[in-house]
Amino acid sequence: MQYSSKELEKNWQEYWAENRSFEPSEDFAKEKKYILSMFPFPSGRLHMGHVRNYTLSDAFARYYRQQGFNVLHPIGFDSFGMPAENAAIKNGSHPKKWTYENIDYMKGEFKSLGFSFSKEREFATSDELYTKFEQGFIIDMYEKGLLYRKKGFLNWCESCHTVLANEQVIDGCCWRCDNQVVKKDMNQYYFKITDYADELLLDLNKLEDGWPKQVLTMQENWIGKSNGLEFKFCFDEESLKKLGGNFDGFEVFTTRPDTIYGVSYTAIAPEHEIVTYMIENSLLDENTIAKIKEMKNASSIDRQKTKSGFALGLDVVHPLTKKNVPLWVANFVLMDYGSGAVMAVPAHDERDFDFAKKYNLPINAVIKPFGEELKKDEAYTEVGELFNSELFDGLNSKDAQSKIIEYFQAQGIGKKTTNYKLKDWGVSRQRYWGAPIPFVHCDSCGIVMEKKENLPVALPEDIEITGEGNPLEKHPTWKHCKCPKCGRDAVRETDTMDTFVESSWYFLRFCASPKNWQEEAFSKEQIKYWMHQGQEGVDHYIGGIEHAILHLLYARFFTKVLRDLGYLDFDEPFGRLLTQGMVLKDGAKMSKSKGNTVDPDAIIEKYGADTARLFILFAAPPTQELEWNDSAVEGAYKFIKRFYERSVNVDKLETTPYIEQASLTKEEKFARKKVYEALVRANDVYSERYTFNTMIAGVMEAMNALNLQTNRDVWSEGYWILSSIMEPVIPHVCWDISSKYFALKNLTQQKVIEEVFAQDSITLGVSVNGKRRCEIEVAIDAPKDEIVAIAKEKAQKWLEGKTLIKEIVVPKKLVNLVVKD
RNA sequence: GCGGAUGUGGUGAAAUUGGUAUACACGCCAGACUUAGGAUCUGGUGCCGUAAGGUGUGGAGGUUCAAGUCCUCUCAUCCGCACCA
């Protein structure tokens, strides 16, 4: 039995393809598991991160198939997106051609890795059939008011020539190309994700058991709910006059109403309408206007560096004290949070304090620590006792918050409000390779939806991609059409959708039987079975942590929207989420620019897919980083080789051999015990721990134990079980062994036999005062007295001259003798 | 600053509920077989020490018969968010 990965793996890959081995059944009476990896962008080649991702989901899928479940383990391609266009600009190829060629190549890679994906449910999101149903949802959402168009001050990436959503701006830079993002004023479509802010936050509770805590926290912070008081500052007489009666005041939001008596100035964002009005009407001097404009145009990073601002020469009236308070424009006030205006309490807020120090504004303390002096050189932001706060003096600041809100409400001058950091999701992109937004601009009817029977609104293929401007805009005929409503000449929307829209519902499309693909996106019945039998959502969703906010938040939002549109009946798309760690080489993330990549194809060529899979699952638990190690890969290969070649000790069987446990030698019993221990461990791993490394270690131990004995029945039983346990990890070699010896009959659920764990005697550790000194061997059913007596004798040396005060026997573990001098 | 994690041999990492710390593997050392080995097999390998023994899970305390595991404080590293009023 000489191991040769190449031929062996190819044979089984062909066998699986011919036998449709991994297609899910349409029998909805069976228990199911939906195992899903985050689908890839067809960049051209798989990288090790992909291999890790799909190796994990494949192990789950194969395991559950063995356990008798109906398993859906699909794959597709997230195939719209900028890199296709960038490649087109660079090589003059067409984005569509580039994309679909890459898909073909990557499908070959999937095959060569032995992933048990359903082939019949494969699709790419750039397929027109997919676009058709997506556009249908978009129309539904527009009708429900969940999609709208407005002019906004948007994130614009100069190098990608497109708008970005807030979630796609990382540290002020584009998530894709890392270029600095600038602000641009333009029209854009938005999904009303803020309507779901509260539910998205609340339902995180449902995910507590299935999702990593880190991801839940990140989403919670991103949604950023805060409760507080909203009220209006009104201008004094003089200021009203200055503004020509156009503004009577402005709203502010605060989470610290308890500090209201400490307000010493107010501030508004440079983008605020009052500032705009003052600039347009020359109510400020030239120099100030220039500085404010500069402030507006500064990048978000520059804007954070130092605080700056200008007094606007206006005063507002404090709502409670009725005293005048000055109004400033300040760069630290953000237009897109709350109302773009704040009350400032330098004594109890660090930002307000810094600003007040810089511009010599008054600092009025109104909260002091209990029984301590207040420090003057910093803002006191902790809980404390109110003073200088009229009728609220003496209150605990926590209690004062609700009391003051109640007071404002009673007086009718303010109300309790909730604010979110989450903003609406901007979805239009000014690029070609995306799903067209199915709207038409008509001079007489305004924005009109395309009729559903005309979907999809497909992309034209005869385009010229130069990187300058939107190719759809420049196409000679595509955008000219008739208004679906009045029939007059109209113009198509040339914006396409953010690619995150496609990935927000692809997991639902996989639930649809390909038989019905033409007629519907998915059926309620199919969705109910795959997504909502037992646990809610996909059973195991596996992917990188980098999607903790973007994709995972959008997909949750889409699921809730489709529920409200009547397409499905549940709230959350992914019941269990496993976020895999990165693949590193030399301590850094593998990347082309660093030149530390390992090409999966080369590893398969040299060692085979099984080796790559074994190494990946063995080297670290799934959630941890995985350091690539060439000699450990070599080690994985050697294990497989030994595993394969030692199968010569196995006899052909169609069921496990009968073994008389009592007749076995010590080594034979030990080997059997190790085999079944490995089985127990394997079942644990899939049910909750996912630590494949320990499962594999168990199998290695069992192999080592088998090798210490020569009983062919024990070898055969061992291989029957071990090749079943290992099949999800190294499927090719296991199917080969299984077919040669066991007619593939062992690739099913295996039963644990308890008798192999029975022992006549057991080794116990003996410690004196908790320090391990020696060990003893006693009969399994030895009474406590006897165990203690043996332990005392064996540990005599450490007991001499001391008084024994306590004896502790932990059954099957150890004996602890407590002594003192 | 806020939030989340993680610290165990030379390395990747094990250790259900507190119960023999370092399983499994890589590496290293020695030996066997070899003309040769980056092949294969066997044995060894936390640290200090010739040994007896001592010591050891980032650090300091604590609870306990017993702590990698529980509690308090602290240090370091990584990740995420970050002027959110």
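Entry 1. I looked up burial and found that 54% of the 821 residues in chain A are buried. I note here that the model is a predicted one.

Entry 2. For the extent, I read that the C-alpha trace of chain A spans about 105 × 85 × 50 Å along its principal axes.

Entry 3. I looked up the secondary structure of chain A, which has 26 helices and 32 strands. I then checked the contacts in chain A with a separation of 6 or more, and 73% of them join residues 24 or more positions apart.

Entry 4. How many cavities of 30 Å³ or more are there? I found four. The largest cavity holds about 130 Å³ of space.

Entry 5. I listed what surrounds the largest cavity. Its lining consists of 16 residues, and those nearest its centre are Gly81, Met82, Arg176, Arg429 and Thr499. Helix H3 (82-91), strand E4 (162-164) and strand E23 (496-497) are the elements that give two or more residues to this lining.

Entry 6. Which kinds of residue make up the lining of the largest cavity? I sorted them and got five nonpolar, six polar and five charged residues.

Technical notes:
Residues are numbered from 1 along each chain as its sequence is written. Chains are lettered from A and ligands numbered from 1 in the order in which they are written. This is a predicted model: local features need pLDDT of at least 70, side-chain atom pairs count only at pLDDT 80 or more; totals for chains, interfaces and linings use all residues. Side-chain values use heavy atoms; hydrogens and water are left out. On a 1 Å grid over the protein atoms alone, a cavity is a set of points where a 1.4 Å probe fits but cannot get out, and a pocket is an open set with protein on both sides within 12 Å along at least five of seven lines; lining residues have an atom within 4 Å of a point. Grid points are joined across faces, edges and corners, and a volume is the space filled by probe spheres set on the points. Helices (H or I, at least four residues) and strands (E, at least two) are DSSP runs, numbered from the N terminus. Ala, Val, Leu, Ile, Met, Phe, Trp, Tyr, Cys and Pro count as nonpolar, Asp, Glu, Lys and Arg as charged, and the others, Gly among them, as polar. Buried means under 20% relative accessible area, exposed over 50%, partly exposed in between (1.4 Å probe, protein chains only). Contact means heavy atoms within 4.5 Å.
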